[in-house]
Amino acid sequence: MKIVVLDGYTENPGDLSWEPLREFGELIVYDRTSYVDAPIIAERLKDAEIAVINKTPISRETIDRCRNLKLIAVLATGYNVVDYGYAKEKGIPVVNVPTYGTQIVGQYAVGLLLEICSHYGHHDETVKAGKWENHDDWCYWDYPMIELYQKTAGIIGLGRIGQATAKILKSMDMNVLAYDSFPNESGRRLAEYVELDELLGRSDVIFLHCPLFPDTQGIINRENISKMKDGVIIINNSRGQLVVEQDLADALNSGKVYAAGLDVVSTEPIRSDNPLLEAKNCIITPHISWAAQASRQRIMDITANNIRAFVAGKPVNMVNR
C-alpha cells in the first residue's frame with residue numbers, strides 16, 4: 001500500500017517520527033505541497049492509495065485524477081479542505097482526528113486573554129530596553145491592568161475545547177455564559193446556556209470555539225458587534241472565517257472592541273492587506289494553539305490508528321460515513 005503525506009512539516013518538523021505510518025506500506029512524505037496547484041497535488045497522489053493531509057486541499061478534480069485513492073486521512077479535526085461529499089460518492093472514506101489538542105487550545109485561548117489584560121510581553125521588552133532602571137518610580141505600567149475576577153465570559157461553541165476553556169475561566173472566578181446548538185449536562189455544570197444575543201450583550205470577554213459552518217461564518221460582524229458591551233474583548237483561536245475582519249478592525253479602531261486576541265485569520269498565511277494587521281490592540285499569532293509536541297504526537301498516533309482500522313475493514317473517525 002502506498003501512503004503519501006502532502007504537507008507533513010507542520011505536523012512533524014523533525015521532533016516526531018513517521019514510523020507509525022510505515023507499518024502499512026510504502027510511505028512518501030512531502031514537507032509542503034502547493035495549496036493552489038491542483039495538477040501538482042494530483043501528480044503527487046497519482047499512485048497513492050492513502051492520502052494524508054493537513055491543509056492541502058483535495059478537490060473533486062484531484063479525486064478524479066487519483067484513481068487508486070482509497071482513503072483520505074486528515075491530520076487535524078477540521079476537514080473542510082476536502083470535498084468529502086464527492087469522496088463519499090466515490091466510496092473514499094475521509095477520516096480526521098476529532099480530539100487531540102483540547103487542553104492546549106483551551107489553555108492558549110486563556111493565554112491570549114491574559115496577555116491582553118496584563119501585556120506581559122510588552123513590559124518584558126520595556127524592562128530589557130532599560131525603562132525600569134531609568135524610571136523615577138518603583139513600578140510602571142503602559143496599559144491598563146484588567147482584573148478578570150467576577151467578570152463575564154461568553155463562549156460561542158461549548159464543545160470539548162469550549163468546556164476546557166470554561167474550566168479555566170471558572171477557576172479564575174469568572175461568570176461563564178455559553179451559546180451552543182446542542183446543550184448538554186457537562187456544559188451546564190460549567191456555564192449558563194443563553195441565546196446568542198444575550199451572550200453578546202452580557203459578556204465582557206467573548207471566546208469563539210465553534211466550528212465553521214454556514215450559520216457561523218462571519219458570526220462576528222458589524223451587526224453582532226453593535227450588540228456587545230463597549231470595551232468587550234474578543235478571543236478567536238477556532239477559525240478565521242468566523243470573523244468579518246474589516247468589521248472587527250473598525251470596531252477595534254473605534255474602541256467599541258477594546259482588544260482582540262487571534263490565532264487564526266481568514267486566509268493563512270496572513271495576507272499583507274489584512275485590515276487586522278493595522279488595527280489597534282490586536283494580538284495575532286500564526287495558528288499555533290494546537291502545536292505543542294504532545295498534541296502533535298496524539299495526531300500521529302490517532303492517524304496511525306485511523307489507517308489501521310481502515311486496513312482492517314472497520315474505519316473509525318469517518319466524517320463522510
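In this predicted model, Leu 114, Glu 115 and Ser 118 of helix H5 are in contact with Tyr 120, Gly 121, His 122 and His 123 of helix H6. By class, the residues of this contact comprise two nonpolar, four polar and one charged. Helix H6 covers residues 120-128, and its axis lies 7 Å from that of H5, at an angle of about 50°. Since angles between 35 and 65 degrees fall in the oblique class, H5 is therefore oblique to H6. Directly after H5 comes His 119, which has a positive phi, near 55°.

I turn now to the other partner, helix H7. H5, residues 102-118, packs against H7, residues 160-171, at an angle of about 50°, and here the axes are 8 Å apart. H5 is accordingly oblique to H7 as well, and the crossing is right-handed. On the H5 side, the contact is formed by Thr 102, Gln 103, Val 105, Gly 106, Gln 107, Ala 109, Val 110 and Leu 113; on the H7 side, by Arg 160, Ile 161, Ala 164, Thr 165, Ile 168 and Leu 169. These residues divide into eight nonpolar, five polar and one charged.

Finally, let us consider H5 itself. How many of its 17 residues are buried? The number is 13, so H5 is largely enclosed by the rest of the structure. As to its length, 17 residues at 1.5 Å a residue should span 24 Å, and the C-alpha atoms at the ends of H5 are 25 Å apart, which agrees.

Conventions:
Residues numbered from 1 in each chain as written. Predicted model: local features only at pLDDT ≥ 70, side-chain atom pairs only at ≥ 80, totals over all residues. Heavy atoms only, no water. Axes fitted to C-alpha atoms, helices over the stretch in contact; angles between N-to-C directions. Helix = DSSP H or I, 4+ residues; strand = E, 2+ residues; numbered from the N terminus. Parallel < 35°, antiparallel > 145°, perpendicular 65-115°, else oblique. Left-handed = near helix turned anticlockwise from the far one by under 90°. Contact = heavy atoms within 4.5 Å. Nonpolar A, V, L, I, M, F, W, Y, C, P; charged D, E, K, R; others polar. Expected span 1.5 Å × (residues − 1). Buried < 20%, exposed > 50% of the residue type's maximum accessible area, 1.4 Å probe, protein only.
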